[in-house]
Amino acid sequence: MQVSIVCTEQNLRSRISEDRLCGPRPGPGGGNGWPAGVGHGNPPGGGGSGPKGRAALVPRPPAPAGALRESTGRSTGMKYRNLGKSGLRVSCLGLGTWVTFGSQISDETAEDVLTVAYEHGINLFDTAEVYAAGKAERTLGNILKNKGWRRSSYVITTKIFWGGQAETERGLSRKHIIEGLRGSLDRLQLGYVDIVFASCSDPNSPMEEIVRAMTYVINQGLALYWGTSQWGAAEIMEAYSMARQFNLIPPVCEQAEHHLFQREKMELQLPELYHKIGVGSVTWSPLACGLITSKYDGQVPDTCRATIKGYQWLKDKVQSEDGKKQQAKVMDLLPITHQLGCTVAQLAIAWCLRSEGVSSVLLGVSSAEQLMEHLGALQVLSQLTPQMVMEIDGLLGNKSHSKK
């Protein structure tokens, strides 16, 4: 795939010039305080045209290269980061609903999990139109309605692609992006989602059509941002270039699988996109669907998700030769967990959090107790030294290296 980056380079130069001129942005938590749909592509506080407007601007001190401006909740200890280089602040740990909501766990358990997450500072809740054939969105929507939390206090993301059986009910055509998102909003009982993800790339839909459709749903107030999920770096760059060429809205983040045994994309591809065009990362499956725990140990427990109908592929993966080798590698990490006083799961999640450009790591849990264990990864993160990371790399033997 050939990607034109002429307009991207011009825009980057323009944005660099604007960043040098822009003063500090008002509003709590580093946000810009502007309503949805206002100021896309224009820096707040930019003043009017002419010398008088430019003279009033105060230079912004340069941020450290690659720095995610992180803050910590006073009462919860949760850490918050910018979603890529947008102004949206998200908890570094998010809650996913894949497999669990509307399927593996009861609605009562789902409410307990969501409540514990919210009370401990998690503000990012992720779902998709395809999860449990729409039941996950319904369950999440019902819980949010019952809890009555302020809509401005949390971030909802959903993914569009696999919507139904009809040919027009899947993919990333303008028709399905608009109709699929409206269907998600009906199930969620919300007026808008904060982020709509294009789940998977669609070779049958022109990139311009996708970017225009995403811009449309944002301009209509159905979503505030859009992102990609499981897209290649070249496809993300093409979408960004298309947006800049036609004055449309570019994606702000990529949702990617990332764990101790899935590293290359997060280590070699996405950091470059983060630095060049500001695309951040929301990652999922930090425990490789439960493989990165000590519970498998050569067998598949009856209570794990590998035994759920429709997840035979996971059971096969666990019992494969590669799966057994990975389980052995997990056991090799136990001395480090003993040194840190943590579980393998906490170590694996903390390891994901330290990766460059990661805005949030999505957790998939089946109980409030499991969520509380995973939240302990925040304490492990502060103890994870560069020397320990090097030791983990040595034990795993799979650190990604550039081919250049």
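Trainee: In this predicted model, does Cys 289 count as buried or exposed?

Mentor: The relative accessibility of Cys 289 is 10%. The cut-off for a buried residue is under 20% relative accessible area. Cys 289 therefore counts as buried.

Trainee: Where is Cys 289 placed, and what is its phi?

Mentor: Cys 289 lies in the loop between E10 and H10. Although Cys 289 is not a glycine, its phi is positive, at about 60 degrees.

Trainee: What is the relative accessible area of Ala 288?

Mentor: Ala 288 is found in the loop between strand E10 (280-284) and helix H10 (312-319). Its phi is positive, near 55 degrees, in a residue other than glycine. Ala 288 is buried, and its relative accessible area is 2%.

Trainee: How are the axes of H4 and H14 oriented to each other, roughly parallel or roughly antiparallel?

Mentor: The axes of helix H4 (residues 107-119) and helix H14 (residues 368-375) come within 9 Å and cross at roughly 30 degrees. Angles under 35 degrees count as roughly parallel. H4 and H14 are therefore roughly parallel.

Trainee: Which residues in H14 are met by H4, and how do the residues of the contact divide?

Mentor: On the H4 side, the contact involves Asp 112, Val 113, Val 116 and Ala 117, which meet Ala 368, Leu 371 and Met 372 in H14. The residues of this contact divide into six nonpolar, no polar and one charged.

Trainee: What share of the residues in the protein chain is buried?

Mentor: The protein chain has 16 helices and 11 strands. Of its 404 residues, the buried share is 50%.

Definitions and conventions: Residues are numbered from 1 along each chain as its sequence is written. This is a predicted model: local features need pLDDT of at least 70, side-chain atom pairs count only at pLDDT 80 or more; totals for chains, interfaces and linings use all residues. Side-chain values use heavy atoms; hydrogens and water are left out. Axes are lines fitted to C-alpha atoms, for helices over the stretch in contact, and angles run from 0 to 180 degrees between N-to-C directions. Helices (H or I, at least four residues) and strands (E, at least two) are DSSP runs, numbered from the N terminus. Angles under 35 degrees count as roughly parallel, over 145 as roughly antiparallel, 65 to 115 as roughly perpendicular and the rest as oblique. Contact means heavy atoms within 4.5 Å. Ala, Val, Leu, Ile, Met, Phe, Trp, Tyr, Cys and Pro count as nonpolar, Asp, Glu, Lys and Arg as charged, and the others, Gly among them, as polar. Buried means under 20% relative accessible area, exposed over 50%, partly exposed in between (1.4 Å probe, protein chains only).
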